[in-house]
Amino acid sequence: MLKTYTFYVSGTHCASCKILIEDILKEQDFVKSVKVDLKKEIVEIETDSNQNTEKLATILTEKVKGSGYTLSVEKQVQEKKSDGVIWQAIPIGLVFLILFFIFQKSGILNFGIGGKTTPITSFIIGLIASVSSCLAIVGGLVLSLSAKMSQDNINDTKTFLLFHIGRIFSFALLGGILGLIGNAIGINFTFTAIMGIIASIVMLFLGLNLIGVFTKNKITLSLKIFNFFRKIEHKTFTPLIVGFGTFFLPCGFTQSMQVVALSSGSFMSGFLIMLAFALGTLPVLLLLSFGSASFAHGKHAPLFFKSAGVIVLGLGLFALLAGLAGLGIINPLFSI
Amino acid sequence: MNKTVSIIITLGLVIVIGIIFFGGVENKSVENNVEIKNGIQYVTINAKGGYFPKISTAKADIPTKLIIKTNGTYDCSAALVIRSLGFQKILPQTGETEIDLGIPKKGEPLQGICGMGMYSFLINFN
């Protein structure tokens, strides 16, 4: 005999989710009819199965889990919980931001490196750059992408490796090209400033996403962008391209090194200088991406995602305002 | 953690951020970085981890040149942009860069900013 069950569904983020869930569930033999109500976040099914409700929820969740949905008997209390987490995450994120900016302001990083730039000095400059204010934009981007990927349960190790390999390889290659042609690529200030603004918008978007603003309120406007990100996250070449793109992000150190590579006079010397510089920036960036992955799989994952979201939002805002000031659109608001 | 406690801590931290960004701006325009030689006014600014002094005061209506000094500068301050002059250049890591400002008018300050936008300097003309 047919019985009607009602389950709560989570993970629905778009109008087409209704159709998708209904299609998947209808394929099950024991399910006679399915009705999804996105507004109430419930799924009603008619079934002749004799399983108890909990068991049914588990079975059905198995089917839709691949698409990112979960069915449960009771409404998930996640929202209440996450409300509490966010109030812990905001102070944590702010403390990190404060430490970061105090560190920048302290002037510790301003020691000089005189003489001729060799691959060894450019490695040291890379190390400095990786904890400088460049970290706000490059590191912020790495942190937000890493955390987002871990959250979406994408094969993160492979993606991170591809990103870092892409980054180091393209730095070295572009450095070599700079040395070879002795001409400027990517040194156009307006171009790098625009790249920086794009990166900061991505950071703001991912930051909000990590905090969970989008999933809660389901802003329809963001859905197209959201789907776009979902799509590109899964591609193999995307992390390579993003790694390549970091060459053009606004960072005084990168730009200085580009000039050094430019005036180095040969492919090999430009190649080695930029390679050493990229290797110098690697430890901190590796720490960011793999550190966030290990947190993301740990016990405090929700707290980590939200704290990371707060940090990324802060850095994104900083980078956006600085980028706009760099373009002369707004007055420089601050000086660190 | 208690929500109220968190909110109080958050507000405190926001105030600290405000102080970091907007407070403590040293208006050290007392530094003697402006000199006139042979009828030409030279304004000298050191670029390294920011621009110093951040605010300078110079005379208007005389030919003026800006000298940016770098000394092992690899950070953003080496990537200098002066929008009003259409000037943008990556400064040499160590050396002096001379920029002709023409004859500045009174009340038209000159602003320079680094490529990423977080360091800036201002020269007021009186």
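This is a predicted model: local features need pLDDT of at least 70, side-chain atom pairs count only at pLDDT 80 or more; totals for chains, interfaces and linings use all residues.
Modeller: Happy to! Helices and strands here are DSSP runs, numbered from the N terminus, with helices (H or I) having at least four residues and strands (E) at least two. By that rule, chain B has one helix and 10 strands.

Biologist: In what order do the elements of chain B run?
Modeller: From the N terminus on, they go α-β-β-β-β-β-β-β-β-β-β.

Biologist: And what does the secondary structure of chain A come to?
Modeller: Chain A has 13 helices and four strands.

Biologist: How much of each chain counts as buried?
Modeller: A residue is buried if 20 or more other C-beta atoms lie within 10 Å of its own, exposed if 12 or fewer, and partly exposed in between, with C-beta atoms placed from the backbone. Of the 336 residues in chain A, 44% count as buried. For chain B, with 126 residues, the figure is 34%.

Biologist: Let's look at the sheets in chain B. What is the strand order in the open sheet of five?
Modeller: The order is S4-S10-S9-S6-S7 in chain B, with mixed pairing. Two strands pair if DSSP finds at least two bridges between them.

Biologist: Which strands stand at the edges?
Modeller: S4 and strand S7 (87-90) of chain B do; each has a single partner strand, so one side of each is left without a neighbour in the sheet.

Biologist: Do tell me about the S4 and S10 pair. Parallel or antiparallel?
Modeller: S4(B) and strand S10 (residues 120-125) of chain B run parallel, joined by four bridges.

Biologist: How many residues of strand S8 are buried?
Modeller: Zero of the nine residues in strand S8 (residues 94-102) of chain B are buried, so S8(B) lies largely in the open. Strand S5 (residues 64-71) of chain B runs antiparallel to S8(B), with eight bridges joining them. One bridge pairs Lys69(B) with Glu96(B) in S8(B).

Biologist: Switching to chain A. How do H7 and H13 cross?
Modeller: The axes of H7(A) and H13(A) come within 7 Å and cross at roughly 155 degrees. That makes the two helices roughly antiparallel, a word used for angles over 145 degrees. Axes are lines fitted to C-alpha atoms, for helices over the stretch in contact, and angles run from 0 to 180 degrees between N-to-C directions.

Biologist: What about H6 and H12?
Modeller: Helix H6 (residues 156-181) and helix H12 (residues 267-296) of chain A have axes that come within 7 Å and cross at roughly 160 degrees. H6(A) and H12(A) are therefore roughly antiparallel to each other.

Biologist: I clicked on Phe304 of chain A. Where is it, and why does it count as buried?
Modeller: Phe304(A) lies in helix H13 of chain A. Phe304(A) counts as buried because it has 24 C-beta neighbours inside 10 Å.

Biologist: What is Phe304 in contact with, beyond its sequence neighbours?
Modeller: Leaving aside neighbours within four places in sequence, Phe304(A) is in contact with Phe295(A) and Ala296(A). Two residues are in contact if their C-beta atoms, placed from the backbone, lie within 7 Å.

Biologist: Last one: how many residues does each chain give to the contact?
Modeller: Chain A gives 41 residues and chain B gives 40 residues. The largest share of chain A's side, 11 residues, comes from H3(A).

Definitions and conventions: Residues are numbered from 1 along each chain as its sequence is written. Chains are lettered from A and ligands numbered from 1 in the order in which they are written. Angles under 35 degrees count as roughly parallel, over 145 as roughly antiparallel, 65 to 115 as roughly perpendicular and the rest as oblique.
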